[in-house]
Structure formats: structure tokens, C-alpha cells
Amino acid sequence: MKREINGTMLEIPRHVAFILDGNGRWAKKRHLPRNAGHVEGAKVVEQILEDAYDLGIEYVTMYAFSTENWKRSQEEVGALMGLLKKYLMDCIERSSKNNMKVQVIGDISALDKNLQDRILELEEKSKNNTGLKFSIALNYGGRDELRRAMTEIAKECVDGTLSPEDITEKCINDHLDTRNLPDPDLMVRTSGEIRLSNFLPWQLAYTEFYFTEVLWPDYNKEELIRAIRYYNGKERRFGGVLS
């Protein structure tokens with residue numbers, strides 16, 4: 001879909017994935033506790049979701065908490081879990097107001113029961129919304145997602161409901177957490193780090209990558225438009241050759 005932005009017609013990526021990085025550094029620069037950066041970052045999430053929808057983006061996926069984040073200090077993990085719980089509760093009302101469909105990808109079985117209940121409630125109450133489709137990667141790791149998918153496929157082969165010859169790319173895709181999502185067109189990572197950090201390794205095979213030095217709490221609509229302009233400068237061949 002093309003849309004005029006600041007006088008220029010731009011192709012809008014259908015699905016944008018974000019690695020939210022730099023909350024801790026943002027807080028450190030201001031001599032604040034790390035959790036202050038996470039609180040500010042959560043506010044930016046809401047604004048960017050509104051901006052993305054206004055720009056015509058249909059799907060947004062954000063990396064909120066990875067399987068590796070459990071290695072952080074107990075204090076920081078506890079603060080993050082508390083912030084996530086509050087965010088999910090607020091998101092129930094916000095998703096209804098904004099007609100936003102929300103789902104969580106990742107292994108939520110490791111989360112406490114109360115948090116799991118909030119996730120299921122949010123997904124149930126927003127499932128018929130027709131606006132922006134927002135996916136939160138929570139206790140998510142790309143390798144873990146593939147492991148879980150392979151385990152399910154192996155069980156189906158043992159049960160006789162699936163033949164090894166039927167294990168196609170589509171079959172694998174249908175067992176992933178993102179089975180109902182198109183692959184991202186654009187992946188944005190903030191804070192200057194240039195790596196994927198175990199985020200959507202299968203789904204990002206042909207995605208355009210945009211890395212910015214901007215810390216996540218400073219990210220805004222202008223920065224998102226800058227990423228879309230970068231995306232428009234790429235020729236997407238998907239392994240083919242331009243004619």
C-alpha cells in the first residue's frame with residue numbers, strides 16, 4: 001500500500017517488527033534507575049502503535065521480554081514483570097478503545113499464573129478487533145520457538161497424523177507462534193546494536209533490517225518514517241533476480 005507522507009508517496013510495509021533496545025542506557029544517561037527507562041519505554045510503545053496504524057501499517061510485533069532476559073538481576077526481572085502485568089491490564093481497555101487485536105507469542109507457561117490469565121483475557125477480549133494487529137513477544141526466543149515447533153511435529157509423526165514427507169516449510173510455519181501472521185517486511189532495532197538477539201530467525205529470512213542509534217525511549221513517529229523511507233530504498237527480490 002502506498003501513502004503520501006510529507007509530500008512523498010511511500011510504500012508502507014505491511015508488518016514491522018521491533019527490537020526495543022536502550023531503556024537501561026536511556027535511564028543511565030539521566031542518572032535514573034534502569035526501571036525508569038522501562039517505564040518510559042512502555043509509554044513509547046503506545047505512541048508508536050498509534051503512529052504505525054496512522055501510517056497504514058497493519059501488523060506490529062515487539063520484542064518485550066526474551067528467554068535470555070531471565071539472566072538479568074532478580075530486581076530488574078521483578079520490575080519488568082510488574083510493568084508487563086500493569087501494561088497487559090491497561091491494554092485490555094486500550095485495545096477495545098483503539099480496535100486493536102493483541103496476541104502474545106512465546107512460551108507463557110514459564111510466567112506466573114496471574115500474568116498468564118491476563119494474557120489469555122487480553123487475547124480473548126481483543127480477538128474480534130479489526131484494527132492494528134499487535135503481537136507481543138514475551139518469554140520469546142527464536143530457537144526455543146523452533147524447538148517447540150519441532151517437538152510438536154515429531155509427536156505428530158509418532159502418532160501417525162503426519163508423515164515425514166509432509167514436513168514442508170508451510171508445515172513448519174504452521175507450528176510456529178506466528179502461524180497467523182505474515183512475515184515482517186521491516187525489522188527495526190534501536191540503540192545501535194546490530195544483531196537479532198534470537199528474534200524471529202525463521203520469519204526474518206527476507207526481511208529488510210533497519211538499525212538506528214536512537215534509544216527506544218527517544219523513538220518517535222519521525223524515526224519510524226525514517227525507517228520506512230529506508231525500506232522504500234530497497235529492492236525486495238526474495239532470492240530472485242531483478243529483470
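**Exercise 1. Is serine 163 buried, partly exposed or exposed, and what is its relative accessible area?**

Solution. This is a predicted model, in which local features need pLDDT of at least 70 and side-chain atom pairs count only at pLDDT 80 or more, while totals for chains, interfaces and linings use all residues. Residues are numbered from 1 along each chain as its sequence is written, and side-chain values use heavy atoms, with hydrogens and water left out.

Begin with the place: serine 163 sits in the loop between α5 (142-159) and α6 (169-173), where helices (H or I, at least four residues) and strands (E, at least two) are DSSP runs numbered from the N terminus. Next, take the cut-offs: buried means under 20% relative accessible area, exposed over 50%, and partly exposed in between, with a 1.4 Å probe and protein chains only. Serine 163 has a relative accessible area of 25%, and therefore it is partly exposed. Finally, its side chain makes a polar contact with the side chain of glutamate 165 at 2.3 Å; such a contact is a pair of N or O atoms within 3.5 Å, where within protein one must be able to donate a hydrogen and the other to accept it, and residues adjacent in sequence count only if both atoms are side-chain atoms.

**Exercise 2. In what order do the six strands of the open sheet stand, and which are the edge strands?**

Solution. Two strands pair if DSSP finds at least two bridges between them. The order is β5-β6-β4-β3-β7-β8, with parallel pairing. The edge strands, each pairing on one side only, are β5 (101-105) and β8 (208-211).

Now follow β7 (residues 186-189), which is joined by four bridges to the parallel strand β3 (residues 15-19), with valine 16 opposite leucine 186. β7 also pairs with β8 in the parallel sense over four bridges, and arginine 189 stands opposite phenylalanine 211 in β8. In a regular strand the side chains alternate between the two faces of the sheet. In β7, Leu186 and Val188 point one way and Met187 and Arg189 the other, and all are buried.

**Exercise 3. Which residues lie nearest the centre of the largest pocket, and how many line it?**

Solution. On a 1 Å grid over the protein atoms alone, a pocket is an open set with protein on both sides within 12 Å along at least five of seven lines, and lining residues have an atom within 4 Å of a point. The largest pocket is lined by 32 residues, of which Leu20, Asn23, Tyr63, Ala64 and Arg72 lie nearest its centre. The elements giving two or more residues to this lining are α1 (23-29), α2 (34-55), β4, α3 and β6.

Key. 1 Å grid on protein atoms, 1.4 Å probe; cavity = no way out; pocket = protein on both sides within 12 Å on 5 of 7 lines; lining within 4 Å.
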